[in-house]
Amino acid sequence: MISIHTKTLQDLEFPTVLQQIAARCNTELGKERALEIKPILDEEAIRLVLGQTSEYLSSLVSENRIPNHGFDRIDSELSLLKIENTTLEVGSFRKIGTICTTIATHKKFFKKFKEYYPLLFAASEEIELNNEIPKEIDGVIDRFGEVKDRASDKLFDIRRQMNQVKGKISQSFASALNIYNGSDYLDDIRESVYENRRVLAVKAMYRRKVKGSVMGNSKTGSIVYIEPEATLKYSRELNNLEFDEKEETQRILNQLTALIRPFAPILSDYQEFLAQIDVTAAKAKYASETKALLPKINDEKRLFLRDAYHPLLYLDNKLRGEKTFPQTIELHPENRIIVISGPNAGGKSITLKTIGLLQVMLQSGLLIPVHERSSVCLFDKILTDIGDNQSIENHLSTYSYRLKNMNTFLKKCNANTLFLIDEFGTGSDPELGGALAETFLEVFYERGAYGVITTHYANLKLLANELPHISNANMLFDGKTLEPTFQLVLGEAGSSFTFEVAQKNGIPYSLINKSKKKIERGKVRFDATIAKLQKERSKMAKTGSRMQEEESKAREEAARLEKLNAKIKSKLESYQELYDHDQRMIQLGNKVNTAADKYFHDKKKRLLVSELLRIVETENSKRKKKTAHQAKAARSKMAQVTQEVQKEVKVIREKKKVEKKKAIIKEKSKPRPVFKTGDRVRMTDGKAVGSIDKLEKGKATVNYGMFTTNVSVEQLELVERKK
């Protein structure tokens, strides 16, 4: 039986996680249910809830997204249904109808996509679908929340009479208004509405001139509101009909309530199902925001958290735009207990809380922010001793409280327990407290428990080295900057960097040296050795990280070049195919042209047809037979390549045009040469060279040997001056 104490949940800030999940619920009942989440006692139930949440998470990025599950809670309506002869209001029926419709939508959806959401489908199948409730409600209440005219024949008849009477009231009022409108009895506004009745706005001095019932007057007293005598009898008739309508409506609602009362347990199930869907949706949203997922759950008592994040810290840092450092830790039968050491503010406590919180979240049916290759197991008990637990109410000191807590640990600790202790052994004389802590740790070890502790005590670090199934770990610290790297390293103890941190914070070196002399020389050397090892490991980690990054970049570049090479090769092959195709078409065109030319001269149709058939048969003999699909694909590919080539040619032509324009502009910008008779010249867009025979009014006679021509000197460029 799984048992996790409330104090453990508080130590690990689990209630804060629940508050964040509740904030992502859509309904009030869902928020309440989210805050009530607790560790689940049955392993099968844990797997089921985790699976449902994982399915909902997948729907958030799927085209087949789960429909909206919003609803208004019906707790008060369910309470009234338990009492005989009570009547629900119209608004209550609308809420009940909406819940029934939402349930029907979800059942239909999960049935359609049961292959995608098998666990949610199974949960929806446990809910009995009742079509009678919404049908009965729909027969009485319209979409605007009013009782329908056709809810009963009597109500229909009453409302028909009411409409007739309202028409008569309107006619009689209009008649009275016309009678008094010509006189000076009415105010400028002429009429008004008083207590939901149309009334004449009569000037106070003429109140006795207008027949009717005085309903009231204005704030200033200058206007008296009078209902005309002609409309009074119709108003009384309307009042009677309204009373009848109210009674009939109440009777209909009484009847509808009686019809629904037997289905109160089903409605309660509906509401609870939708509330649980709301909680599941909120957990999925929270998982999406924290990059959480469902890791593999094993039965081998192996807890492997890879790249694990503390969800509260992750969201807080995400909000502030800061980086969160993931942790990787593993507990298994050959390494059940980890002793984390290192300086304060290095991340020991947050690592401890991350392990505990993620385990509690998992066993409460919440997905956890870890790498997809993580593997987890379940524990019957999770025991924690984190933070300063001084009890003012019980007059207990921190150490007394911790001893009391350890006594509880000793009673409950077994092979199915995960214990998490921060600053193990503190609160008393270091040597005595360390000895007692060592004894406790030996007991936990002998009972086969799993656990993680943080400590500064050297004897606990030594014990972790001596026992086979315990290992040391430390939080990496940069030896030069004395800044934490927030990385957990298994296999060796960590230095507390006591004197180094003191020196960094400005404590005089003379005092630090004096302090070193006051303690055992061996302990200083031991701590110094650990510190040196940590510095070396930090350097190696940085070098390894840099080399790994460079190797990754090289692999990416090689892959990119290989991909580019394949693309270029494919393109060249396509271009070659296009070129071969075009050459074949040119040759074919030449053959047809020769046949056409021959026919042009001899007009022999038979020879032309014979020649064309020979050309076609020769071409067909070279073709390979293809299916319709293959032929279509080949045409499509050729069209695509042709289009691509034409596009490239167009770009080249555009570039040449631009270059030509630039050349012309450049040529025009050059000073024009002064031509003389005998100069050798050529036209700017020609290649033939001639000599100028004659120049007259901007025109030149150019002799090309075989002929002469007159052109403008603007069109000429100088080749050679006359010698």
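I count two strands as paired if DSSP finds at least two bridges between them. Helices (H or I, at least four residues) and strands (E, at least two) are DSSP runs, numbered from the N terminus.

**Entry: ground rules**

I am working on a predicted model, so I noted that local features need pLDDT of at least 70, that side-chain atom pairs count only at pLDDT 80 or more, and that totals for chains, interfaces and linings use all residues. Residues are numbered from 1 along each chain as its sequence is written, and side-chain values use heavy atoms, with hydrogens and water left out.

I looked up β3 (residues 212–217) and β4 (residues 223–228). They pair in the antiparallel sense over five bridges. Which residue of β4 does Ser213 face? Ser213 stands opposite Glu227.

**Entry: whole protein**

I took the overall counts next. The secondary structure comes to 21 helices and 19 strands. Of the 723 residues, 37% are buried. Buried means under 20% relative accessible area, exposed over 50%, and partly exposed in between (1.4 Å probe, protein chains only). I then checked contacts, meaning heavy atoms within 4.5 Å. Among contacts with a separation of 6 or more, residues 24 or more positions apart account for 68%.

I needed conventions for helix pairs. Axes are lines fitted to C-alpha atoms, for helices over the stretch in contact, and angles run from 0 to 180 degrees between N-to-C directions. Angles under 35 degrees count as roughly parallel, over 145 as roughly antiparallel, 65 to 115 as roughly perpendicular and the rest as oblique. A crossing is left-handed if the near helix is turned anticlockwise from the far one by less than a right angle, and right-handed if clockwise.

Helix α2 (residues 14–22) and helix α3 (residues 28–35) have axes that come within 8 Å and cross at roughly 165°. That makes the two roughly antiparallel. The crossing of α2 and α3 is right-handed. From α2, I found Leu18, Gln19, Ile21 and Ala22 meeting Lys31, Ala34 and Leu35 of α3. By class, this contact of α2 with α3 has five nonpolar, one polar and one charged residues. I class Ala, Val, Leu, Ile, Met, Phe, Trp, Tyr, Cys and Pro as nonpolar, Asp, Glu, Lys and Arg as charged, and the others, Gly among them, as polar.

**Entry: α6 and its partners**

I turned to α6 (residues 90–112) and α7 (residues 118–125). They pack at about 140°, with axes 9 Å apart. That makes α6 oblique to α7. Their crossing is left-handed. Lys107, Phe110 and Lys111 in α6 meet Leu120, Phe121, Ser124 and Glu125 in α7. This contact has three nonpolar, one polar and three charged residues.

I then followed α6 to α8 (residues 132–140). Their axes come within 9 Å and cross at roughly 140°. α6 and α8 are therefore oblique to each other. α6 passes α8 in a left-handed crossing. Phe93, Ile96, Gly97 and Cys100 in α6 meet Ile133, Pro134 and Ile137 in α8. This contact of α6 with α8 has six nonpolar, one polar and no charged residues.

**Entry: Val140**

I stayed with α8, where Val140 lies. Is Val140 buried or exposed? Val140 is buried, with a relative accessible area of 9%. Leaving aside neighbours within four places in sequence, Val140 contacts Glu146, Val147, Lys148, Ala151, Ile252 and Leu256. Val140 and Ile252 are 112 residues apart in sequence but 8.0 Å apart in space, C-alpha to C-alpha.

**Entry: α12**

I listed the buried residues of α12 (residues 311–320): Pro311, Leu312, Tyr314, Leu315 and Asn317. Their cover includes α2, α11 (264–290) and α13 (348–363). Gly321 follows α12 and has a positive phi, near 75°.

**Entry: five-stranded sheet**

I ended on an open sheet of five strands, ordered β18-β17-β16-β15-β19, with antiparallel pairing. β18 (708–712) and β19 (716–720) stand at the edges with a single partner strand each, so one side of each is left without a neighbour in the sheet. The twist averages 45° from one strand to the next. β15 (residues 680–683) pairs with β19 in the antiparallel sense over four bridges. Arg682 stands opposite Glu717 in β19.
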